[in-house]
Amino acid sequence: MAYFGNNPQRGELQELYADLNDLNFEKKKEAVKKVIAYMTVGKDVSDLFQSVIKCLEFNDIEMKKLIYLYIVNYSRQKPDDAIMVIQNFRKDVRKSENPLVRALAIRTFGCLRVPKLNEYLIEPLKDCILDDDPYVRKTAVLCVPKVYEVSPDICPPLLELLQKLLEKESNALVLANLIQSMREIEVVSGKQIINLNQKIIQKLLLAVDECIEWGQIFILDYLATYNPQDSKQAEVIIERTLPRLSHINPTVTFCAVKVILKYLDFLDNGDLVKNLCKKVAPSLISLLSWNQPEVQYTILRNISLILQKFPILFENEVKVFFCSFNEPYYIKYEKLDIMVRICDSKNFGQVLNELLIYLNEADPHFVRKTIKSIGKIAITYDKAIDKAVSILVEFAKNVQQPTEPVQELLIQMQLIYKKNKSMYKHEDSLKIIYSIIDYANEPESKSACAWIVGEFGEFIPKSAEKMKEYIDNFQMEDRLVQLQLLTSAVQLYLKYPSQCSILIQQLITSAKDSFNPDVRDRTYIYWRLLSTDPEIVKTLVCFNSGAVQNFSKDLRLWETQDLVVALENMGSISNLFHKLPHQLYKNIKIKINNQQDVKIYKGEEKQEKQENQVQAQQSENQQNNKQEQQQQQQQQQDIDLLSFDDPPVNNISNNSNKPNLFELI
């Protein structure tokens, strides 16, 4: 530690120069240590380059390690001087009897990363790849990707040599590092350089049992990108991988899961697929029992991707993803997303009861995400909509200030009303939601409130006055709110022409000169249509929205082929961000998967739902006409239950009772 002084005396470089050229070996060794010490703290000792490399003549391995470290650090600054050490490297590689010295020399040679030196590295590297000692071979194969990254043009002979070594190598450690090196080259080049056959596959499967944990990870990672030739080969690989599901290392377990899930697509036996899914699920669940939240988060992010392709994997394990009070919120957010994905028509009650508890959390962001999850479940499953609305209405009764959860509550109620318009009568939900409508302070929530006022204007007392409040602040609103106000105001105008004529005049006057082209175009469209044929406007803005169709797409974040690539890279950093590797790293060239048929493993209930979708749609079309007639009758009955300023006008085709908008403006 005495070498790390902050105030080196004057002339110390001259002293070091003298000691490095001294005939005494101990003085040379001590001087080299001082040089490395100064280099470590940032002092420039590059002027001693030639004196330091002369010390390579000694066979002391400790001194060689220090000198190699010095050469790697200063070779880029002095590439011309670095050429002088090539002969010493070749001497250590070819003539040294110590395998540690040979491996150290070739490792240092590969770390130089100077293009003009790489051409001298090819022959020594070939010798080390064919070396008798496995440690030297392992070091040599790890050096090839470094050379390829700097000088890919001179590497084809090395790649051929690696392929031959892959066919002949019997040492598990060398085999694992060889696979990893060739994979790195494939990622950089975007070309396939590993040619596998049945013999090599068997060799890799045997090496998995003999390798250390890192070696197992390398081999399993590559097997996850390999497409087996037939179902039999897939079964053999899965059978040899199954013992890794109970490995103590979570990364090894996760790689085994990745391999098994990949090869399920190639199995012909449906019962075997179900049995394998039952074995994979407990392994993933066991990984969640780790106390490290970072490991849990990694597993949860990847489970979210797995569920897009294998929804049946955790259909009976929903309780595993219930949140604990002492978990970090980033863990809770992921569990909420997963609960929504594995929720179905059988366990929705259990999930909603759990989400009801989360509404009492102190964190507003978490409560908001919980409300969004409840809304998703209500939109997805018709059986769950009543209970979900009851939970949201009960939450709305206790609202006293404009918080984040309130904004999400208004947005989700709008989506639920779009899904099923009759839900406005469920537990007086419309009346309760309308009582908190003034708490909206975000563009999306304000837009939702404007939609509610326009859609249910006939069931809301003094809806025209509420719309006037919105229109008075029209110029200050966001574009999303302005567009919705235009549509909602037109809806009210069609329902109450006499009351809303001045209102629509004020709105068009404010909006027709808007700086936003979308707002301005929509204003002129409505203006022209209202002045010519209101029936056309009625078909545009007064229609039954029906089911929300875009939510099913939200559950599938990616297209199927992209999902396959993401599952092949499970456990990587790119999956934590839910991105593909080439989207996160620009120098990575993605290899296109040639697999033609990609299966989505859905439960029996979800499959039956898809099969009956066409029949259900036909029956819905037949019921729509009956529902419209019933709604008109029900509207007349509801008028008597609420106090309205103006009854709804059913016949709006009479243009004589409606003022002309062109004359008004």
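## A pair of helices

Helices α15 and α16 run roughly antiparallel to each other, because their angle falls in the class over 145 degrees. This is a predicted model, where local features need pLDDT of at least 70, side-chain atom pairs count only at pLDDT 80 or more, and totals for chains, interfaces and linings use all residues. Residues are numbered from 1 along each chain as its sequence is written, and side-chain values use heavy atoms, leaving out hydrogens and water.

Now for the details: α15 covers residues 231-241 and α16 covers residues 250-263, and their axes come within 10 Å, crossing at roughly 160 degrees. Where do they touch? On the α15 side you'll find A234, I237, I238 and T241, which meet A256, V259, I260 and Y263 of α16 (contact means heavy atoms within 4.5 Å). That contact is made up of seven nonpolar residues, one polar and no charged.

## The whole chain

Stepping back, the chain has 37 helices and zero strands (helices are DSSP runs of H or I with at least four residues, strands are E runs of at least two). Of its 665 residues, 50% are buried, meaning under 20% relative accessible area with a 1.4 Å probe, protein chains only.

## A look at R76

Is R76 buried or exposed? R76 is exposed, with a relative accessible area of 56%, and exposed here means over 50%. R76 sits in the loop between α4 (61-74) and α5 (79-82).

Leaving aside neighbours within four places in sequence, R76 is in contact with L112, R113 and V114.

Methods. Axes fitted to C-alpha atoms, helices over the stretch in contact; angles between N-to-C directions. Parallel < 35°, antiparallel > 145°, perpendicular 65-115°, else oblique. Nonpolar A, V, L, I, M, F, W, Y, C, P; charged D, E, K, R; others polar.
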